[in-house]
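Subject: Structure handover

Hello,

Here is the structure I promised to pass on. Please look it over first, then read the notes below it.

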Amino acid sequence: MLTGPDALKSLDDAIRDVRREESDISQKLARNGELIARIRENEAELFRQLAQFRLTAEGQAEITGRLSQAETRARDMLAEHARSLADHERQLKALDKTIAGLATERAALLKELDKHQADLKALSARIAAVIAKDPKYEEERKNASELQSVAARSLQKTEQAETDREEKGRPYRDDPLFMYLWEAGYGTRNYKANNLIRWLDGIVARMCGFDKARPNFAMLNEIPLRLREHAERQQALAEAAEAELDRMETEAIDTAGGKPIREALVATQERIEALDAEIVKAEDDRDEAAGSLRHLAQGRDPAFTDAVGLLAQSLEREDIAKLLADARATRTAEDDAILAKIDDARLRLNEEQAEADDYHARLKVLAARRRELEDIEWEFKRARYDDPRSTFREENLAGDVLNQFLRGAITAAAYWAMWKASQGWKPGSSDWGGGVGLPRSGRTFRMPPGGGFPLPPFGGSSGSGGFNRPRSGTRGTRKTGGFKTGGGF
């Protein structure tokens with residue numbers, strides 16, 4: 001089976017590979033842009049040569065001077081563009097190094113966490129003896145388990161109601177007449193209209209059957225809200241029961257002599273959570289830097305567009321077009337050689353621009369894949385799937401299935417659902433020995449009894465396959481994640 005840390009490493013490696021490919025294509029795109037500029041410069045030189053054969057000295061001077069001036073200005077702008085590209089590439093490499101360092105530190109802390117868990121497991125018999133002396137513990141544990149189940153069922157009902165609202169409410173939302181009356185508040189105390197509009201709206205209401213449809217649509221919208229409120233109340237109760245169990249378990253651990261180990265485990269956990277916040281920030285900074293590099297590499301910054309634009313405008317002027325037309329109309333040996341080179345330059349230009357379009361499309365796909373992988377990895381950590389006790393039945397989730405996702409054969413939501421369905425816990429993770437059950441690795445209101453995946457936080461978009469990773473402007477830590485400190489080792 002695949003362990004939690006190994007699974008996390010596979011996601012880390014995949015994200016790193018995508019980032020590397022993004023950087024490689026950005027560099028290729030930048031070189032592609034430079035080549036386009038050089039082709040334009042070469043084209044300008046060919047037109048200067050053509051002018052020498054076909055124009056008077058005065059005509060040559062005018063065209064040659066204008067093209068030379070455009071080339072000089074373009075070179076200066078392109079040099080500035082190149083410096084800016086180099087600065088952004090250095091920034092991106094520095095951020096990659098920072099993220100890699102944070103990931104390495106985090107992996108080492110997971111090993112420390114595993115050791116602390118093993119040390120506590122060694123005290124399991126003594127801790128179980130302390131727990132056995134507390135008659136309230138079993139009652140509290142059963143109560144917490146029941147509240148977990150209630151919270152899970154409440155959430156499932158809420159998500160089903162929200163799905164119904166989306167699917168069954170679509171015909172109402174697609175009816176413009178119905179939605180006009182609905183948004184106007186027709187049939188309610190909020191409806192405001194003069195007599196003529198009321199009369200006309202009455203006709204519209206009879207046409208679309210509004211009076212019968214409105215209560216059904218209102219109920220479709222109201223039920224999920226009420227269920228969501230109920231589910232949040234059940235969540236709060238489950239959290240309170242969880243907190244009480246935390247208190248009782250902490251007391252049992254300390255009484256059995258495990259306080260130093262518990263404190264070390266807490267410190268390790270806190271450092272992991274702090275690292276996760278740093279990783280999120282570094283990834284967002286990198287995402288912003290990668291976006292800026294893409295912008296530069298695609299030739300969208302003013303320095304590059306102005307430089308290439310100057311050359312293009314100089315080569316598209318009427319006198320240049322006339323020079324080319326005249327040369328094609330009255331061919332000479334000298335003209336033929338230059339015209340062949342101009343045609344070849346323009347063919348290469350079209351090929352390079354077509355290749356640039358391919359690079360643009362690939363970068364867009366890679367950026368989307370990388371962000372989705374970052375979302376999945378964040379949910380992975382938040383769900384505690386990287387816990388050393390966590391396992392996955394399907395090893396190919398880190399192999400063939402991952403490759404299918406990267407190729408676009410499956411969606412991010414489907415891939416994440418496979419991780420959730422495959423997740424479980426190592427044997428022995430759910431008790432303290434001595435017959436006293438304390439399923440710490442699975443006992444949390446976010447993990448329904450018998451299930452192997454945590455429920456999404458309320459207010460999230462998981463019902464539609466969404467993710468809750470904070471992005472720029474909403475950065476934060478995984479408040480509901482981390483590794484619990486009580487039993488289950």
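Asp344, Glu351, Glu355, Asp357 and Asp358 form a negative patch. Patch residues have over 30% relative accessible area and no salt bridge, and like charges are joined within 9 Å. A salt bridge puts a side-chain nitrogen of Lys or Arg within 4 Å of a carboxyl oxygen of Asp or Glu. Accessible areas are Shrake-Rupley values with a 1.4 Å probe.

This is a predicted model: local features need pLDDT of at least 70, side-chain atom pairs count only at pLDDT 80 or more, and totals for chains, interfaces and linings use all residues. Numbering runs from 1 along each chain as its sequence is written, and side-chain values use heavy atoms, with hydrogens and water left out.

Next, helix α12, residues 333-382, which holds Asp357. Helices are DSSP runs (H or I, at least four residues), numbered from the N terminus. Asp357 is partly exposed, at 48% relative accessible area. Buried means under 20%, exposed over 50%, partly exposed in between.

Trp378 also sits in α12. Trp378 is buried, at 10% relative accessibility. Its C-alpha lies 8.3 Å from that of Asn468, 90 residues away along the chain.

Ala44 is buried, at 0%. Between Ala44 and Ile342 there are 298 residues of sequence separation, but 9.1 Å from C-alpha to C-alpha.

Last, helix α14, residues 412-422. Its buried residues are Ala412, Tyr415, Trp416, Trp419 and Ser422. They line one face of α14, because they fall within an arc of 130° seen down its axis. The arc uses directions from the helix axis to the C-beta atoms.

Best wishes

Note on methods:
Patches are made of residues with over 30% relative accessible area and no salt bridge: like charges are joined within 9 Å, nonpolar side chains (Val, Leu, Ile, Met, Phe, Trp, Tyr) within 5 Å. Lys and Arg count as positive and Asp and Glu as negative; His and the chain ends are not counted. The place of a charge is taken as NZ of Lys, CZ of Arg, CG of Asp or CD of Glu. Helices (H or I, at least four residues) and strands (E, at least two) are DSSP runs, numbered from the N terminus. Buried means under 20% relative accessible area, exposed over 50%, partly exposed in between (1.4 Å probe, protein chains only).
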